[in-house]
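Please view the sequence and structure below alongside the notes.

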Amino acid sequence: MFLLRRQMSGARPSSVSRAAAALFPVFAAAFLASAAEAAPAADATPGSASTLPATGIPAADASASLPVLPALSAEAAPDRRFRAQASEATATPSAPAASPGPWGVLSGDWQNADLLGDLGGLRPALGKYGISVQLSEEAETFGNLTGGVRQGFEVNGVTTAQVQLDTKPLFGLPGGIVSVSGFHIWGGALSPSNLMNLQTVSGLEAFASIRLWELWWQQNFGPRFDVKVGEQSLDNEFMMSQNAGYFLNSVMGWPMLPSANLTGGGPAYPLAGLGVRARGRPTDAVTIMAGVFNGSPIPLNSPNTPLSNPNGVSFPLNTGVLAIAELQYTVPAADSSGKTPADGPLPGTYKIGAWWDSEDFNSQQSDNMGVPLADPASDGVPAKKQGNYSIYAAADQMIWRAGDPNRSVSAFLRAEMTTLQDRNPIGFAINGGLTLHDPLPGRDNDVFGLGFGVARVSAGASNYDRQMQVFQPTVYTPVRGAETFLEATYQAQILPAWQVQPDVQYIVNPGAGLANPDAPNQTIKNELVIGLRTTITF
């Protein structure tokens with residue numbers, strides 16, 4: 001979310017030694033605090049990414065009474081996903097197996113998918129009425145060892161809660177799900193405070209707040225068609241790559257173009273937007289999704305920041321229309337449960353889509369009178385350009401599978417572009433990578449990944465830099481081009497309810513060649529970033 005994070009006022013970084021020393025106590029504190037909350041609140045996890053962050057919350061377990069919606073991905077979604085990088089999650093989680101430990105690990109049941117088990121019988125009791133309650137905690141630290149405007153570490157995290165209601169036992173309406181979820185976002189943010197990069201290093205980075213995330217009703221009309229109405233986060237369903245969901249960089253979840261080009265970063269974490277989404281599977285191999293949402297998740301004419309919707313309860317209806325459509329093709333074709341044969345051809349999912357927004361967008365080069373924004377004579381108010389759009393494509397393909405069904409290698413690639421260079425800061429972006437499942441003996445649920453991302457600044461933004469060189473030659477203004485990041489990550493499943501993920505990223509040409517505000521006459525140097533995230537499901 002480039003525009004949002006450029007305006008974030010993250011806390012000043014601490015030293016490397018201080019952050020490293022604080023890492024494990026912070027995670028322990030988050031663990032204990034969440035455990036204390038979990039007893040009365042029961043189990044909670046949003047239905048997304050990763051983001052939920054693919055784009056980052058573990059796959060949720062629900063009562064057996066919840067109706068199972070057809071899965072739409074070629075491969076089974078990872079057991080533990082990160083919010084901003086969510087894989088295509090169905091609206092209803094699968095039912096949990098019976099647990100011998102009513103309090104999970106407190107009863108000696110270390111293999112329970114929820115750390116606190118069924119909460120002494122509370123979950124089964126709620127399940128009889130179609131109610132599923134989930135809670136999870138994600139905590140992480142990231143720091144840059146080189147480059148940036150300064151070096152240091154930040155610690156941050158997200159507590160996520162979700163309640164889902166099956167409408168059949170409650171209202172006598174079969175096939176319906178009502179879902180409400182919210183966040184407690186805490187801590188600093190490394191990208192705006194230290195890095196000033198476009199493709200922010202973590203999908204969790206956002207303003208510290210307590211906020212509503214999603215509030216929707218989904219209704220099934222048979223096994224092949226459903227409709228969702230309400231406050232929705234598009235990064236749970238649209239433009240997503242399943243294998244990208246194992247990575248921590250934010251654009252591996254909600255992509256670079258909508259993050260930078262849509263007002264407020266679009267209806268994606270930590271925001272959501274009012275709208276209607278329809279999804280159909282005309283054949284076992286083809287899925288079609290389309291939706292219409294309010295044009296902006298923040299109020300009209302407000303500052304372009306999540307602080308304009310500080311608690312997620314602003315529901316602007318006068319911000320135009322955002323329309324999006326996506327076509328998915330799965331090979332080999334999935335069965336009615338959404339799964340592909342384990343011994344058949346290597347599975348893959350291919351997607352194409354587009355979005356269009358009717359809102360007004362700021363010109364990158366000229367003001368209302370046609371004067372270049374770089375000209376000192378300009379009033380500094382950008383001209384308005386009506387409408388915006390982007391097209392995108394994504395591919396997830398397993399390319400190797402061992403005799404051991406858990407061990408496989410998959411590749412992914414996703415690209416986005418727009419021809420409207422005059423009103424968008426980013427004109428083109430692409431990311432991709434490889435994921436190795438079951439990378440080590442005895443580590444069936446671990447995943448190792450190598451990925452990359454490239455974001456190219458639009459011609460309009462680059463031309464503004466050139467105009468600055470002409471009109472204000474005494475101000476050092478490099479012409480921005482492209483930013484690239486490389487990422488290596490290892491997702492380790494310590495327990496079914498606990499995941500730890502070390503991560504390394506290297507950012508080339510941060511900000512696409514942005515001038516360093518603390519070092520005149522030079523750009524920001526390349527950045528080596530290390531991090532560690534832990535995720536616990538209660």
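In this predicted model, L170 is partly exposed, with a relative accessibility of 33%. L170 lies in helix 4, which spans residues 167-171. Across 42 residues of sequence, its C-alpha is 9.8 Å from that of K128.

**L170 and the nonpolar patch**
- L170 counts as partly exposed because its 33% relative accessibility falls between the limits of 20% for buried and 50% for exposed.
- L170 is one of the residues that make a nonpolar surface patch of about 670 Å².

**K128**
- K128 sits in the loop that joins helix 3 (122-127) to strand 1 (131-144).
- The relative accessible area of K128 is 67%, so K128 is classed as exposed, the cut-off being over 50%.
- Between K128 and L170, the C-alpha to C-alpha distance is 9.8 Å.

**S378**
- S378 is placed in the loop between strand 9 (348-367) and strand 10 (382-401).
- S378 is buried because its relative accessibility is 14%, and buried means under 20%.
- A polar contact of 2.9 Å links the side chain of S378 to the side chain of D367.
- Apart from neighbours within four places in sequence, the residues in contact with S378 are D367, V371, P372 and L373.

Conventions. Residues numbered from 1 in each chain as written. Predicted model: local features only at pLDDT ≥ 70, side-chain atom pairs only at ≥ 80, totals over all residues. Heavy atoms only, no water. Helix = DSSP H or I, 4+ residues; strand = E, 2+ residues; numbered from the N terminus. Buried < 20%, exposed > 50% of the residue type's maximum accessible area, 1.4 Å probe, protein only. Polar contact = N/O pair within 3.5 Å; in protein donor to acceptor, adjacent residues only side chain to side chain. Contact = heavy atoms within 4.5 Å. Patch = residues over 30% accessible without salt bridge, like charges linked within 9 Å, V, L, I, M, F, W, Y side chains within 5 Å. Areas by Shrake-Rupley, 256 points an atom, 1.4 Å probe, with all protein chains shown as cover. Salt bridge = Lys/Arg side-chain N within 4 Å of Asp/Glu carboxyl O.
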